[in-house]
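Thank you all for coming. Please take a moment with the sequence and the model on the screen, and then I will walk you through a few parts of it.

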Amino acid sequence: MFLVHLWNYIRGYVIIIVTGRGIERFINICSKRQILLWDIERADAASATMKASIRGFRLMRPAAKKSGCRVHIKKRCGLPFFLYRFKRRKGFKVGLVIFSALLMLSVSIIWDIEVIGCKPEMIPEIMSVLNADNIGRGSFKIKLDPKIIAKKIALNVEQIAWVGVEVRGVKLFITIKDSIEPPVLIKNDEAFNIVAERDGLVKKMEVYAGTPQIKEGETVRKGQVLVSGRLESKNPEFGSRDVHALGKIIARTWYEESMPVSMVYTQKLKTGKIHKTVYFRFLDRRFKISGGDVPFEMYETVTEDKMVTGPFGLKLPIGLTVENSSEVVEKQVELTLDEAIDVTIEKAKENLHKRIPADSTVVDEMIKQYEADNGTIYIQVVYECEEDIAGLEPVTEK
Amino acid sequence: MKRGIYRIKGARDKKKEPGESLGERLARLFEIPGEICGNRPKVTAIGRGEVLIENFKGIMDFQSDMIRINTNNGIIKVTGEGLTIREITNDEIIIGGKISNIDYDA
């Protein structure tokens, strides 16, 4: 019954009052002409109220004439009449169109990206792969091909065994199964010597297997055998045996960097001119609002995000991104000798830090200053480090 | 002679129900429900509040305490309180309200 009511409501109906003597005749004619009437109630001796569909009401006129009844509409009910009210309201229609467009748009984009099943430190790497492809929150679902994304992630991120990419609703799920790298195997059945990886002064030796060839405190050259993998027996009659030499050789090593001191220093100076570019930001997408291309040759950019915060600390996905680009001019500055030396030392240290291996610790640093024949001053920075210089080399038959 | 004819006719009339057509007799022979073959009314009362009459010809009288409906088997009168016609189509009428009587030939 509910369905019938709903159907009637959707189609629209009218409640009418029929007055006259021949109401029965009116009802009979209507039923013969396939005009559906329902909920007929006798109001008094000369009138009755009933409900009829819109189509039925239009066809009712001959029936009313034949039976000599008058038909009045008491009430119009249903969806068509309800919608008719909005027919003339332009704003309502526009709003309806905008609403449905926004709804479609918001449903067809990615609102959130979830990475499941990997170590937290891998997430930035995965995100950078996505960013390189311009995939982020706010990109359209249609443009995404999960298979291609999965392939890209699997290729570009190390230590991944399997990647599953799935778009579920407005969320992008990236499921990752990371692989564990096999440990470095020590091949015990092959013979190896320990050789020096670089020049140094041996401070400490811990030999687990093999015959030490040097003592603590000796200076070694690069490539020199430190621990031999050949075990000689005390009694020469028994011959020798080859083993895999193992051990730690902690040695002092030195790294040096020399640089000429230049009295002229190129300094980056801000001119004070600032170019502002404002973007409207929605999720991870940016739309430029004001400010064209940056008119400077060299500039530094500071980006600032201003996201709209709703009530109760709710973070909304819309906001502004302001890029302040300040012009930079390179200027040659004359320095005093002290300043120049300081600058050179800083540069030399920077270069050194790039060269020093990661597992070594800096123990001491020395700064020397000397003058060449042509009058240029050189700065030499020496870093003294401690590190394990043990390297492996197969035992060769002699 | 005349009497005999009368008697024969009378005998026939007794056997045959009034208004029983060939189709209806066939229907009875093959045990088909009567309302399908022929146009005899089918009255269904559901509880006290609803009466459904199929195969009706038209309404003759409609008051809030009495509704008279014309059918092929005569007039059916439904009396009660606050009677309404819930729905009316070409061959079906649903009467609602508090029903007290359903009378034939009234």
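**Around Leu37(A)**

Let me begin with one residue of this predicted model: if we set aside its neighbours within four places in sequence, Leu37(A) is in contact with Ile27(A), Cys30(A), Met50(A), Lys51(A) and Ala52(A), and also with Ile88(B) from the other chain. Leu37(A) belongs to the largest nonpolar core, which has 33 residues, and it is listed there among those with the most contacts inside the core, together with Phe26(A), Ile27(A), Cys30(A) and Ala52(A). There is also a second, separate core of 16 residues, and this one includes Ile194(A), Ala196(A), Val202(A) and Ile389(A).

Now to the place where the chains meet. How many residues does the contact take from each chain? It takes 14 residues from chain A and 14 residues from chain B. On the side of chain A that touches chain B, α2 (23–32) and β2 (37–44) each supply at least two residues, and the residues of that side divide into 6 nonpolar, 3 polar and 5 charged. The strand β2(A) is joined by 4 bridges to β5 of chain B, residues 74–88, and these two strands run antiparallel; within this pairing, Trp38(A) stands opposite Glu87(B).

Finally, a word on confidence. The predictor gives the complex an ipTM of 0.75 and a pTM of 0.45, while chain B averages a pLDDT of 80, with 75% of its residues scoring at least 70. Over residues 9–16 of chain B, however, pLDDT stays under 50, and the model has 0 contacts beyond four places in sequence for them.

Notes
Residues numbered from 1 in each chain as written. Chains lettered and ligands numbered in written order. Predicted model: local features only at pLDDT ≥ 70, side-chain atom pairs only at ≥ 80, totals over all residues. Contact = placed C-beta atoms within 7 Å. Nonpolar A, V, L, I, M, F, W, Y, C, P; charged D, E, K, R; others polar. Pairing = 2+ DSSP bridges. Core = buried A, V, L, I, M, F, W, Y, C linked by C-beta atoms within 7 Å. Buried ≥ 20, exposed ≤ 12 C-beta atoms within 10 Å, placed from the backbone. pLDDT = per-residue confidence, 0-100.
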